[in-house]
Amino acid sequence: MSEKPFRVLPAIVPETEHFWLGGAEGELRFLRCDDCGWWLHPPAPICPQCLSRSLSVTAASGDAVVHTFTVNWQPWYPNLDPPYVIAIVELPEQEGLRLTTNIVGCEPDDVRIGMPVRVTFEDYDGVWLPFFEPAEPAKAAS
Amino acid sequence: MKAAEIGERKAVVAGVGQSQVGRRIYREALDLTLEASLEAIEDAGLTREDIDGLATYPGNMGIPPGFSGVGITEVHDALRLNLNWFAGGLELPGQLGAVANAVAAVATGLANHVLCFRTVWEASAQGDKGRASVTTGGGGGGGYRATGFQQWTLPYGAPSAANWIGMMAQRHFHEFGTTREQLGQIAITERRNAAKNPKAIYTEPMSMDDYMNVRMVSTPLCLYDCDVPADGSTAFIISRADRAGDLRRPPVRIEALGTALRGRPSWDQFDDLTTMALRDAAAMLWERTDLKPADVDVAELYDGFSFITLAWLEALGFCKHGEGGPFLEGGSRIAPDGEIPLNTHGGQLSAGRLHGFGFFHEACLQLWGEAGERQLAKQPEVAVAGAGGGPLAGVFLLTRSR
């Protein structure tokens, strides 16, 4: 498995590059409101809570919990072989701060809703896709 | 809300039409659309000279293949209509949002008789390749880069609503203990109903064993939880209620409609994934009528994936949120002789993915008593037709003229 599977990559534009390139430095980055502290996803030019335009790129902890998931069995792409796990993970920084991602580093049958996971990045042509893998067992027990 | 403020009651359904429906019938989208449209105009007792409004979902789009292929302009010109009002587009409260547009147009007097249509030819577009209604953005090489919502899903191999709805179903299973056997009653019931629909695509009986043993697409959704791509067009005439005298027969009345989206407009950011936007559309519907869920005689509810139908049943109050699984258990409640007959034509799972409009069409036929062999034994007086899933939803409460 030295060759990476096929992935459609996101366009990198000024509004989103903090998210897609943050993995180069190991950081899962979002826009956060300087005035009220709200985390934004997807990025937007204005805070949806307080309408402030003062937003700063901020690194999240990288921790998350599996909010829900699906094991995909349909071969949508050549060289991206099922089964693989697509999940929506929720970040502890804020209720409802969620990402769609893949759960990697474990068997599809081992994924559960509520499972603690941690971000891990993979470089695809300079785009750092954030995936999530099971958190350390010690962490899962806490 | 006062009845005088319920503007949708100034509109009625005057007629319906539907083209040939099938798999890979290789007819042009416009040809199918005109067949359905002319049937609807004749069914209403009108002529094309009477049609002064035109509405469609999603408008003419080239991608995904077969998802559209015909828009306002093509139909307008082919029939040489003289229009006072028209609207075609995708950013609407579900597929039936086009019908809601038409209702608004006649209620405000911008038009007298609006032709509404929805055409798909996804089966022909698919040919012998993969499912045409899914835009994967991949496989063809080149430097395609995803933008908008797709950038958050395509990199993760999640191009299909099967994946997104699968995650919503999984969350429902987790929170409420819903099971595949319970969900399977939707596919099995619809297959049984489809046997009485001469236009249905799949009519051979389906057992629970068949359902449980078919291959998975995106857990917990199996192949039989996914609708079947089809070719076909469905059309309606929405008319001013005060022009009902122009019509061939008493129209179907529009008691109320629901078009709300009160949460985030997103497949993965919506607050409660187990309810989806149809929670809001259904809530709005009941805010606009004195009728109650118990008054509804037949439910025609979108099933792009079976889980969406379960969520519609809950959202509309046929059972409580979270109780859709036990409600479906055994299937008797949703059978044609049950407390709320469901998808009497076979739904999109068995009768083909006519993309929302098929449910509205069937609701009208049932209210007119014109559904043929599948006409419910007890003549329905009130029907609900809802379409859409995820962040898309629109729903109509329809009644028989008295």
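Q: Two strands pair if DSSP finds at least two bridges between them. In this predicted model, which strand of chain B is joined to β1(A)?
A: The two-bridge cut-off is what counts here. β1(A) has two bridges to a strand of chain B, and the two run parallel. In that strand, B:Arg145 stands opposite A:Leu9. The partner of β1(A), residues 145-146 of chain B, is β5(B).

Q: How many residues of chain B are in contact with chain A?
A: Contact here means C-beta atoms within 7 Å. On the side of chain A, 28 residues take part. On the side of chain B, the number is 35.

Q: Which element supplies the largest share of the side of chain A that touches chain B?
A: 28 residues of chain A are in contact with chain B. β1 (9-10), β5 (63-72), β6 (84-90) and β7 (98-103) of chain A each give at least two residues to that side. The largest share is five residues, and the element is β5(A).

Q: How many charged residues are on the side of chain A that touches chain B?
A: Chain A puts 28 residues in contact with chain B. By class, 18 of them are nonpolar and eight are polar. The charged residues number two.

Q: What pattern of helices and strands does chain A follow along the sequence?
A: Chain A has two helices and nine strands. Read along the sequence, they follow β-α-β-β-β-β-β-β-β-β-α.

Q: What percentage of the residues of chain A is buried?
A: A residue is buried if 20 or more other C-beta atoms lie within 10 Å of its own. Of the 142 residues in chain A, the buried ones make up 32%.

Q: What percentage of contacts in chain A, between residues at least 6 apart in sequence, join residues at least 24 apart?
A: The count takes in contacts between residues at least 6 apart in sequence. Those that join residues at least 24 apart make up 50%.

Q: Which strands are at the edges of the three-stranded open sheet in chain A?
A: The sheet has the order β3-β2-β4, with antiparallel pairing. Each edge strand pairs on one side only. The edges are β3(A) and β4(A).

Q: Which residue of β4(A) stands opposite A:Phe30?
A: β2(A), residues 29-33, runs antiparallel to β4(A). Five bridges join the two strands. Opposite A:Phe30 stands A:Thr58.

Q: Which residue takes a positive phi in the hairpin of β2(A) and β3(A)?
A: Two bridges join these antiparallel strands. One pairs A:Arg32 with A:Trp39. Between the strands are five residues. The positive phi, near 85 degrees, belongs to A:Gly37.

Q: Is A:Glu107 buried or exposed?
A: A:Glu107 lies in the loop between β7 and β8 (116-124) of chain A. Its C-alpha is 14 Å from that of A:Trp73, and the two are 34 residues apart in sequence. A:Glu107 has 9 other C-beta atoms within 10 Å. The cut-off is 12 or fewer, so A:Glu107 is exposed.

Q: Are α6(B) and α9(B) roughly parallel or roughly perpendicular?
A: Helix α6(B), residues 180-194, and helix α9(B), residues 306-315, have axes 9 Å apart and an angle of about 100 degrees. Angles of 65 to 115 count as roughly perpendicular. Therefore α6(B) and α9(B) are roughly perpendicular.

Q: How many nonpolar residues make the contact of α6(B) with α9(B)?
A: The two helices pack at an angle of about 100 degrees. α6(B) brings B:Leu183, B:Ile186 and B:Ala187; α9(B) brings B:Ser306, B:Phe307, B:Thr309 and B:Leu310. Two of these residues are polar, none is charged, and the nonpolar ones number five.

Q: Which residue of β11(B) is the bridge partner of B:Ala299?
A: In a regular strand the side chains alternate between the two faces of the sheet. In β10(B), B:Val298 and B:Glu300 point one way, B:Ala299 and B:Leu301 the other, and all are buried. Four bridges pair β10(B) with β11(B) in the parallel sense. The partner of B:Ala299 is B:Val384.

Q: How many of the 10 residues of α8(B) are buried?
A: The buried residues include B:Leu278, B:Arg279 and B:Asp280. The buried residues pack against β9, α9, β11 and β12 of chain B. Helix α8(B) is mostly covered, and its buried residues number seven.

Key
Residues numbered from 1 in each chain as written. Chains lettered and ligands numbered in written order. Predicted model: local features only at pLDDT ≥ 70, side-chain atom pairs only at ≥ 80, totals over all residues. Contact = placed C-beta atoms within 7 Å. Nonpolar A, V, L, I, M, F, W, Y, C, P; charged D, E, K, R; others polar. Axes fitted to C-alpha atoms, helices over the stretch in contact; angles between N-to-C directions. Parallel < 35°, antiparallel > 145°, perpendicular 65-115°, else oblique.
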